[in-house]
Amino acid sequence: MMVNSENDSLINNIHNVIIIGSGPAAHTAALYCARGLIKPIVIEGDIGRQDMIPGGQLMTTEEIENYPGYEKISGWELIEKMKKQAENNGAIYISGWVTKVDFTSQPYQLWINDESQSWKTSTVIIATGASAKKLDIPGNSLFWNKGISACAVCDGALPIFRNKPLAVIGGGDSALTEALFLTKFTSKVYLIHRRKDFRASPILLQQVLNNDSIEIITDTIVIEAIGSSKLESIDLLHLPNKTRYNLCVSGLFYAIGHQPNTSIFRPFLPVDSDDYLLPIPSEFPGIFAAGDVIDKQYRQAITSASSGCQAALNVLHYLQLH
Ligand code: FAD
Ligand code: NDP
């Protein structure tokens with residue numbers, strides 16, 4: 001549902017719960033709240049932003065093999081199923097970005113897409129997840145979307161990358177997954193990692209090692225992106241011997257982790273040194289958080305879904321008592 005005059009009445013209500021987000025945490029929270037008959041409103045994001053898409057991080061992955069109940073399922077299919085199930089049980093989805101909140105007193109207020117009128121709610125579930133980090137190197141802005149991307153699954157099949165040498169930066173599960181994915185479109189993928197040891201799961205590392213199209217470059221960082229109208233090469237720095245050298249690539253994919261989406265909450269709620277939300281203090285009754293936005297350690301679809309469930313049960317319990 002879009003934000004427009006049709007849902008003026010929704011804007012004027014004080015809702016039981018507004019859920020902000022659209023990944024596994026938000027959809028699971030929506031399902032449990034809907035089945036608790038408290039008519040949850042879910043603000044799910046919208047198209048038009050570079051750092052986030054509705055549906056969350058799983059929308060950028062082709063194959064999920066570790067979500068119980070599915071041997072193999074694409075990210076977008078799993079998210080679609082979760083959303084449909086919540087909607088079928090009565091959750092109401094609104095397209096738009098929450099751009100401001102006021103958690104000073106109840107009812108709490110939220111603004112969508114900088115509209116003048118606020119949405120009011122007794123409780124809030126924050127399930128805003130995390131966004132891909134980018135490297136602040138010379139050439140990053142110039143070649144963003146002209147050879148540089150933070151999502152191989154979204155962009156890897158584009159003609160500018162096909163049958164061209166490509167590079168992926170990172171040593172985690174995302175980097176290895178993306179490198180493997182890109183070998184569908186080209187026979188040369190450099191996987192560039194700043195250390196020797198990989199934090200990625202051993203099974204993925206084995207797949208990468210077995211793939212002749214992937215060349216691993218360790219102890220190395222990317223220091224500059226170079227080209228004319230589009231990316232043509234990158235400058236690398238080999239850290240142990242401080243050697244700088246150039247590598248011809250037409251694509252550079254960042255897979256260097258994620259930044260929790262907490263900026264709009266930080267004026268009110270405490271965060272840790274990496275901007276993850278800390279446990280919500282008692283002076284904010286009825287505000288709960290779920291998923292990657294609070295989880296530095298596990299960051300999985302199943303753990304996000306699980307914490308969405310817990311947040312919803314906490315909301316139901318809170319509303320029973322108040
Ligand atoms: P997210 O999925 O991050 O979703 C949050 C969404 O909320 C945002 O995308 C946005 O649409 C919305 N939102 C944010 N801010 C606002 C706002 N202000 N207003 C409105 N809406 C907002 N995990 C696995 O278990 N198995 C895998 O195979 C797997 N593969 C992965 C592959 C990749 C490439 C990546 C990056 C991650 C993968 N993960 C995997 C991890 C998994 O995707 C995350 O743990 C999970 O998606 C986190 O869910 P979440 O609900 O907390 O938030
Ligand atoms: P991670 O935080 O696990 O890995 C980020 C990688 O980027 C690390 O290797 C890190 O290096 C490197 N890095 C960070 N900053 C820089 C920088 N400035 N310059 C160069 N390199 C940098 O993030 P992921 O996105 O890989 O994974 C996030 C979560 O999602 C994890 O829990 C993961 O398990 C999950 N996931 C699961 C998948 C699956 O199950 N199939 C697939 C994809 C993700 P260093 O190691 O030195 O810190």
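Which residue has a polar side-chain atom 2.8 Å from a nitrogen atom of ligand 1? The residue is Asn-66. This is a predicted model, where local features need pLDDT of at least 70, side-chain atom pairs count only at pLDDT 80 or more, and totals for chains, interfaces and linings use all residues. Residues are numbered from 1 along each chain as its sequence is written, chains are lettered from A and ligands numbered from 1 in the order in which they are written, and side-chain values use heavy atoms, with hydrogens and water left out.

Stay with ligand 1. There are 35 residues around it, each with a heavy atom within 4 Å. Gln-57, Asn-66, Val-98, Asp-292 and Ala-301 come nearest. Backbone atoms take part too. An N or O atom in the backbone of Asp-292 lies 2.8 Å from an oxygen atom of the ligand. For Arg-299, a polar backbone atom is 3.2 Å from a ligand oxygen.

Now turn to helix H6, residues 173-182. Helices here are DSSP runs (H or I, at least four residues), and strands are runs of E (at least two), numbered from the N terminus. Seven of the ten residues in H6 are buried, meaning under 20% relative accessible area with a 1.4 Å probe, protein chains only. Among them are Ala-175, Glu-178 and Phe-181. Their cover includes helix H5 (152-155), helix H7 (202-209) and strand E9 (166-169), where contact means heavy atoms within 4.5 Å.

Key
Buried means under 20% relative accessible area, exposed over 50%, partly exposed in between (1.4 Å probe, protein chains only). A polar contact is a pair of N or O atoms within 3.5 Å; within protein, one must be able to donate a hydrogen and the other to accept it, and residues adjacent in sequence count only if both atoms are side-chain atoms.
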